[in-house]
Amino acid sequence: VFLVLLPGVLQAEEKALWVWDLGPPLLLEQQLRDELFQFAKAPHGDTTKAFDRLYVEVSGYYKNREQFYRELVFDPFANPVAREKLRDFLRQAHARNFSVELLEGHHTWVLSENQQEGIDMCRGVLDFNAETPGTDADFDAIHLNIEIHAFGASWRTNTARGKDGYNDDYQDGFLRILREC
């Protein structure tokens, strides 16, 4: 997992909440947004445990977790109506003093044939943020969730170029995504 900060800085005292698999409903249903914001401000009614940073997956995927497979079925960046709903969600979250980071990634992005997907996602978010004046409808950062352990034993197989026990090809792919982002 790696964090790409856009203009902000992560503060040590911040608490973050990961929000997976709610993309389309979260953008389309105000009640769900309100419930998320309410929970994040007072988890189980306790304001001392409040979150101030949200890592949010906004795309919708068909997922087969046993095979680590997923297929994009809802892309809010490609749909003008969904883009506006996303901006509305970001405005509402910022108005409630939440920082919002796009939560995205897949372990296969580190493979040479898939790196462009990660790079395109990063560039798409930067373009999305550049389209609006101000920052109230922007993502504050991109949270890359690339869990290479999903490859099984190969992620701990050094390909002889590095000094650690991790797969150099996977590391090189990850670093290329970060450099391009």
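Guide: The model is predicted, so local features need pLDDT of at least 70 and side-chain atom pairs pLDDT 80 or more, while totals for chains, interfaces and linings use all residues. Residues are numbered from 1 along each chain as its sequence is written, and side-chain values use heavy atoms, with hydrogens and water left out.

The second largest pocket has a volume of about 250 Å³. Of its 15 lining residues, Ser59, Leu72, Asp75, Phe77 and Met121 are the closest to its centre. A pocket here is an open set of points on a 1 Å grid over the protein atoms alone, where a 1.4 Å probe fits, with protein on both sides within 12 Å along at least five of seven lines; lining residues have an atom within 4 Å of a point. Volume is the space filled by probe spheres set on the points, joined across faces, edges and corners.

Strand 5 (69-74), strand 6 (99-104) and helix 4 (115-130) each supply at least two lining residues; helices are DSSP runs of H or I with at least four residues, strands runs of E with at least two, numbered from the N terminus. The lining divides into 7 nonpolar, 2 polar and 6 charged residues. Nonpolar covers Ala, Val, Leu, Ile, Met, Phe, Trp, Tyr, Cys and Pro, charged covers Asp, Glu, Lys and Arg, and the others, Gly among them, are polar.
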